[in-house]
Amino acid sequence: ENNAFNIKKIENAYKTLQDNSECNSLLKKHLTQSVVDKLKYKKTKLGATLYDVIRSGVFNPDASVGVYAPDSESYKVFAALFDPIIQEYHGFGPNDKQPDVDLGEGRTKELEPLDPDGKYIISTRIRCGRALNGYPFNPLLKNDDYVAMQEKVKKALAQVQDADLKGTYYPLEGMKKETQNKLIADHFLFKEGDRHLQHANACRFWPVGRGIFHNNDKTFLIWVNEEDHLRLISMEQGSDVGKCLDRLIRGVKNIEKVVPFARDPHLGYLTFCPTNLGSTVRASVHIKLPKVSARKDFKEITDRLKLQVRGIHGEHSDSEGGVMDISNKQRLGLSEYQAVRQMYDGIKELIKMEKESK
Ligand code: ADP
Ligand code: CIR
């Protein structure tokens, strides 16, 4: 509710952020006094306020971005804050339009294995996010929504046709801690207790309605109701990006036949975090590049190639044994296929540099 108390919280949050010299988030940069004054009285139809948008980044000054959209309307109502953040993260302006869907069907063969000898790349993963039509994002979902959404998705998953994609849905509720921790350690399942998500009010009623589907080989997986309603994932050992993408495309097509996904004409597929809008694709490799990654200008190199570097256990984790997670950075303003290519071309270049370094 946008009462005096909520407005006070927004004003205090603004001061806290601006006074924190260690905070470098996009939220801090773009939440100016004039943006606060413009947005502090606003509310979406479902009742989300500016405080709900910025809460995560206020409690986590080390965030790189710091904002989430409680519902899709938030991207419009709070555009004065989201637009400059989206512009800076993706290079996508308020009048730009997400291109039509192009998953790369029929062209996956162009993406030959990046490292056929297996000298640098350990594994490849491509994921995309989807929202179910008619539901807001986590902070506004009720216990019953989680239950209903999980049921819908389970029904859809039971209709998967392709033999290699068929699998089982495992709800988090009732899962043995041991099983859960093993799935997380092996990179298959989302982690629990992410403080960025928790402070965004995204973990309410946990573990109700949360779970994971996977095929027998654990090469096609779907996360249900973690950060996004759905995360569809294709992953495998080695560097065959084309094969990995082909499997993801078939998975997406199998599911979208039965569940309608939320798509916006301007922003493309809708996601909870603005960094994932549009294509929603993060294509990554687990890779070792001892020489190139030791260079002082490694960050400049990856920035130029539009690549994002994460640690071995994903976002906000550290590298281990020299293994990094490197992916496309941009997701909005380019097609799904182009997002995969951003990773593919960049990694190709990094491997070339590694080979040429002394
Ligand atoms: P997301 O990719 O969904 O944005 P994370 O960065 O948290 O989220 O990564 C989720 C999981 O996927 C982590 O366990 C991470 O180590 C794993 N992962 C990411 N890329 C790869 C890869 N190329 N090979 C194996 N596991 C990967
Ligand atoms: C943050 O701001 O650090 C978290 N809310 C996650 C942001 C999305 N992740 C990313 O692209 N690094």
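Select residues 120-357: the span is 32% helix and 23% strand, and its end C-alpha atoms lie 14 Å apart. Helices (H or I, at least four residues) and strands (E, at least two) are DSSP runs, numbered from the N terminus. UniProt, in an unreviewed entry, gives residues 120-357 the annotation "domain: Phosphagen kinase C-terminal". UniProt positions are in the numbering used here, feature names are shortened, and annotations may be inferred rather than shown by experiment.

Before going on, note that this is a predicted model: local features need pLDDT of at least 70, side-chain atom pairs count only at pLDDT 80 or more, and totals for chains, interfaces and linings use all residues. Residues are numbered from 1 along each chain as its sequence is written, while chains are lettered from A and ligands numbered from 1 in the order in which they are written.

**Stop 1: the N-terminal annotation**

Now select residues 9-91. The UniProt record, an unreviewed entry, places "domain: Phosphagen kinase N-terminal" there, at residues 9-91. This stretch is 59% helix and 0% strand, with its end C-alpha atoms 31 Å apart.

**Stop 2: helix H1**

Asn3 sits in the segment before H1. Is Asn3 buried or exposed? Asn3 is exposed, because 8 other C-beta atoms lie within 10 Å. The cut-offs: a residue is buried if 20 or more other C-beta atoms lie within 10 Å of its own, exposed if 12 or fewer, and partly exposed in between, with C-beta atoms placed from the backbone.

Select residues 4-19 next. This is helix H1, with 16 residues. From first C-alpha to last, H1 reaches 23 Å, close to the 22 Å expected at 1.5 Å a residue. The expected span is 1.5 Å times one less than the number of residues in the helix.

Colour Ile10, Ala13 and Tyr14: these residues of H1 are buried. They cover an arc of only 100° around the axis, so they are on the same side of H1. The arc is that of the directions from the helix axis to the C-beta atoms. An α-helix has 3.6 residues a turn, so residues three or four places apart point the same way. Turn to the other side of H1, where the exposed residues are Ala4, Phe5, Lys8, Asn12, Lys15 and Asp19.

**Stop 3**

Val77 is in helix H5 (residues 74-77). It counts as buried because it has 20 C-beta neighbours inside 10 Å. Draw a distance from Val77 to Asn3: they are 74 residues apart in sequence and 18 Å apart in space, C-alpha to C-alpha. Then draw one from Val77 to Lys352. That pair is 275 residues apart in sequence and 45 Å apart in space, C-alpha to C-alpha.

Move to Asp83, in helix H6 (residues 79-90). With 18 C-beta neighbours inside 10 Å, Asp83 counts as partly exposed. Its C-alpha atom is separated by 7.2 Å from that of Gly93, 10 residues away along the chain.

**Stop 3: ligand 1**

Select ligand 1. How many residues surround ligand 1? There are 17, and the closest are Ser123, Arg125, His187, Ser284 and Gly314. A residue is near a molecule if its C-beta atom, placed from the backbone, lies within 6 Å of it.

Show the strands too. E1 (121-130), E5 (230-237) and E8 (282-288) each supply at least two residues of the shell around ligand 1. By class, that shell divides into three nonpolar, seven polar and seven charged residues. Ala, Val, Leu, Ile, Met, Phe, Trp, Tyr, Cys and Pro count as nonpolar, Asp, Glu, Lys and Arg as charged, and the others, Gly among them, as polar.

**Stop 4**

**Stop 5: backbone details**

Zoom in on Trp206 and Pro207. The peptide bond from Trp206 to Pro207 is cis, with omega near 5°. Pro207 is in the loop between helix H9 (195-198) and strand E3 (211-215).

Go on to Asn225, in the loop between strand E4 (220-224) and E5. Asn225 is not a glycine, yet has a positive phi of about 60°. Asn225 is buried, with 27 other C-beta atoms within 10 Å.

Finish at Thr280, in the loop between strand E7 (268-269) and E8. Phi of Thr280 is positive too, near 65°. Thr280 counts as buried, with 26 C-beta neighbours inside 10 Å.
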